[in-house]
Amino acid sequence: MSMNSILWALAYLILAPFIGGLMEGFDRKISARMQRRVGPPLLQPFYDVKKLLNKEIIIVSRGQSLMMITYMLMMILTGVVFFLGMDLLMCFFVLSTAAAFLYFAAMITNSPYSTMGASRELVQMMAYEPAVLLCAVGLYLATGSFYVRDMIAGAWSPILKLPGIFIAFVFCLTIKLRKSPFDTSTSRHPHQELVKGLTTEMGARNLAFYTITEWYEIVFLMAVVALFIINSNPLSYVAAVIVVALVYFLEILIDNSSARIKWEKMIIMAWTCTLVFAGVNMIILMLIK
């Protein structure tokens, strides 16, 4: 394990919440402009978290706090393992484990709204997990390794061999980011609904933990997008930043131009996209090996 990898992991640990918070701030600002509103300040997400941390703690379920802390730690571990250049497949397994703790945190309250949101979160996991796993397998077939440090050391960007898998991953990224039309478990924007799905019973500190963890997750997911672009050429990092910015803007555009659909259609659309784009890409990749 190189010193460079350790520095990247430390940078993620320290800077990811600030970068993720700024990205959410840009999300709100751009969304407001699309709706012909001025929108909140760019730093509004940080103000919201500060307010939540200062609120009086009302315990709905003592177990929920433990679940939320575990959810945050597992999400941080996911990013640290990724930026250390370790096994990408293990990163995705830890990511799925983190999502399971979020599900338990919502279910443990016995609130009907929270339980319904948790059930829909489970359905969302079923929708996007095939694309996430095929992403790891495809990157392995394209680069010959599951290790992130080997994937970024190649002479060519993996996307040249994995355009279909990249499309499927970006499509399912909308589900993972809980954006319209796939924000069935909860919405990222408070103006879209009065009852906030799986976060309904998360108040004060627990909701702050959830928000900060989401910032860590945004940075990790965008890093996976960058993984398709980065190679041994230093200029590829610049290209990766541009692609990440375009992908994130695309997600905001979709979020503001789509109405929520039912979970049945979400699964059909996600699995169809995964099968058509990622599946065909995998078959072609195996045939040319």
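The chain holds ten helices and zero strands. Helices (H or I, at least four residues) and strands (E, at least two) are DSSP runs, numbered from the N terminus. Read along the sequence, the pattern is α-α-α-α-α-α-α-α-α-α. The radius of gyration is 19 Å, close to the 19 Å that the globule rule gives for 289 residues, so the chain is as compact as a globular protein of that length. That radius is taken over C-alpha atoms, and the globule rule is 2.2 Å times the number of residues to the power 0.38.

This is a predicted model: local features need pLDDT of at least 70, side-chain atom pairs count only at pLDDT 80 or more, and totals for chains, interfaces and linings use all residues. Residues are numbered from 1 along each chain as its sequence is written, and side-chain values use heavy atoms, with hydrogens and water left out.

**The whole chain**

- The C-alpha trace spans about 55 × 45 × 40 Å along its principal axes.
- Of the 289 residues, 52% are buried. Buried means under 20% relative accessible area, exposed over 50%, and partly exposed in between (1.4 Å probe, protein chains only).
- Take the contacts between residues at least 6 apart in sequence: 77% of them join residues at least 24 apart. Contact means heavy atoms within 4.5 Å.

**Surface and charge**

- The accessible surface comes to about 13,800 Å², and 73% of this belongs to carbon and sulfur atoms. Accessible areas come from the Shrake-Rupley method with a 1.4 Å probe; for residues, only the protein chains shown count as cover.
- The chain has 22 positive and 16 negative charges, and their mean positions are 5 Å apart. Lys and Arg count as positive and Asp and Glu as negative; His and the chain ends are not counted. Each charge is placed at NZ of Lys, CZ of Arg, CG of Asp or CD of Glu.

**Helix 7**

- Helix 7 covers residues 163–176. At 1.5 Å a residue, its 14 residues should span 20 Å, and its end C-alpha atoms are 20 Å apart, which agrees. The expected span is 1.5 Å times one less than the number of residues.
- Eleven of the 14 residues are buried, so helix 7 is largely enclosed by the rest of the structure.
- Among the buried residues are Phe 166, Phe 169, Cys 172 and Lys 176.
- The cover over the buried residues of helix 7 includes helix 4 (88–107), helix 5 (112–143), helix 8 (204–227), helix 9 (235–257) and helix 10 (263–287).
- Just after helix 7, Arg 178 takes a positive phi of about 55°.

- Tyr 12 sits in helix 1 (residues 3–34). Tyr 12 is buried, with a relative accessible area of 3%.
- Tyr 12 and Phe 220 are 208 residues apart in sequence, yet 8.6 Å apart in space, C-alpha to C-alpha. Leaving aside neighbours within four places in sequence, the contacts of Tyr 12 include Met 75, Phe 83, Tyr 216 and Phe 220.
- Thr 213 lies in helix 8. At 0% relative accessibility, Thr 213 counts as buried.
- Leaving aside neighbours within four places in sequence, Thr 213 touches Tyr 71, Met 72 and Met 75.
- Thr 199 belongs to the loop between helix 7 and helix 8. Thr 199 is buried too, with a relative accessible area of 6%.
- Leaving aside neighbours within four places in sequence, Thr 199 is in contact with Thr 186, Leu 207 and Tyr 210.
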